[in-house]
Amino acid sequence: MKLYSFFRSSAAFRVRIALNLKGVSVGYVPVNLRKGDGEQYEAAYRKLNPQSLVPALEEGGHVITQSLAILEYLEETHPQPPLLPAAPAARARVRSLALAVACEIHPLNNTRVLNYLKDKLGANDEARDAWYRNWIAVGLAALEARLAGEKETERFCHGATPTLADCCLVPQVYNARRFKCELAPYPTVVRIEQACLALPAFQRAAPERQPDAV
Ligand SMILES: N[C@@H](CCC(=O)N[C@@H](CS)C(=O)NCC(=O)O)C(=O)O
């Protein structure tokens, strides 16, 4: 199995956490999103993933793109330990929390979006950072309301063991810290992040622990 990743990619970070939790080892193939126009746009990578995004997982002649699809694939091929609960409503809750990060927060703050704001729309660094922090605040406020208010939240986003929701939450909070976003209004989010970061599987997935970290 090969994982096409970039150390700072939060979508790849999600997959690295899940791989570690499940004890699956992979070959790490770095795709440098910052080199030149970005290695993700080079022909060889485009052939693998025409969306020019990381991560991608290659196994047995199949290439799987989109981190949530990869997480579900890993859940099906390596069911232990489960990262989705058993009951349908509980599974839906975990997926809903994961998607709240992956579909509502992350795409608005992706590299290509930030570059477009700057290069095509003329936003300066201040305006770009304000954009970034706004969508983090909107997204984390909604997550905080859910996580603080719903009885299924325990040590982790759902229950006493990590799930796909935690795999998505931790990288997003990592990014929020990197962009110096205010986190005090989200105590439950931060409390869960810290519980996750106490686990070696999350620690080993961190950007600074990856072979391409600079
Ligand atoms: N929805 C995709 C998002 C993937 C994505 O946006 N990856 C980012 C890094 S976190 C990327 O490759 N960005 C390159 C770019 O914006 O040009 C997923 O979950 O896999």
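Tutor: Happy to, and let's begin with a term: a crossing is left-handed if the near helix is turned anticlockwise from the far one by less than a right angle, and right-handed if clockwise. This is a predicted model, where local features need pLDDT of at least 70 and side-chain atom pairs pLDDT 80 or more, while totals for chains, interfaces and linings use all residues. Numbering starts from 1 along each chain as its sequence is written, and side-chain values use heavy atoms, without hydrogens and water.

Our part is helix α6, residues 125–149; helices (H or I, at least four residues) and strands (E, at least two) are DSSP runs, numbered from the N terminus. The axes of α6 and helix α7 (residues 164–178) come within 11 Å and cross at roughly 140 degrees, on a scale from 0 to 180 degrees between N-to-C directions, with axes fitted to C-alpha atoms over the stretch in contact. That angle makes α6 oblique to α7, since under 35 degrees is roughly parallel, over 145 roughly antiparallel, 65 to 115 roughly perpendicular and the rest oblique. The crossing of α6 past α7 is left-handed. From α6, Tyr 132, Ile 136, Leu 140 and Leu 143 make the contact, and from α7 come Leu 169, Gln 172, Asn 175 and Ala 176, where contact means heavy atoms within 4.5 Å. Of these residues, 6 are nonpolar, 2 polar and none charged.

Val 113, Leu 114, Leu 117 and Lys 118 of α5 meet Asp 125, Arg 128, Trp 131 and Tyr 132 of α6. This set divides into 5 nonpolar, no polar and 3 charged residues.

Follow the chain beyond α7 and you reach the loop between α7 and α8 (187–197), the place of Lys 180. Phi of Lys 180 is positive, near 55 degrees, though Lys 180 is not a glycine. Lys 180 is exposed, at 66% relative accessible area (buried is under 20%, exposed over 50%, partly exposed in between, with a 1.4 Å probe and protein chains only). Gln 66 also has a positive phi, about 70 degrees, and is located in the loop between β4 (62–65) and α3. At 43% relative accessibility, Gln 66 is partly exposed.

Two peptide bonds deserve a look too. Val 54 to Pro 55 is cis, with omega near 10 degrees, and Pro 55 is in the loop between α2 (43–48) and β3 (56–59). Gln 80 and Pro 81 are also joined by a cis bond, with omega about -15 degrees; Pro 81 is in the loop between α3 (67–77) and α4 (88–105).

Last stop: Glu 72, in helix α3. Leaving aside residues up to four places away in sequence, Glu 72 touches Leu 84, Arg 95 and Leu 164.

Key
Nonpolar A, V, L, I, M, F, W, Y, C, P; charged D, E, K, R; others polar.
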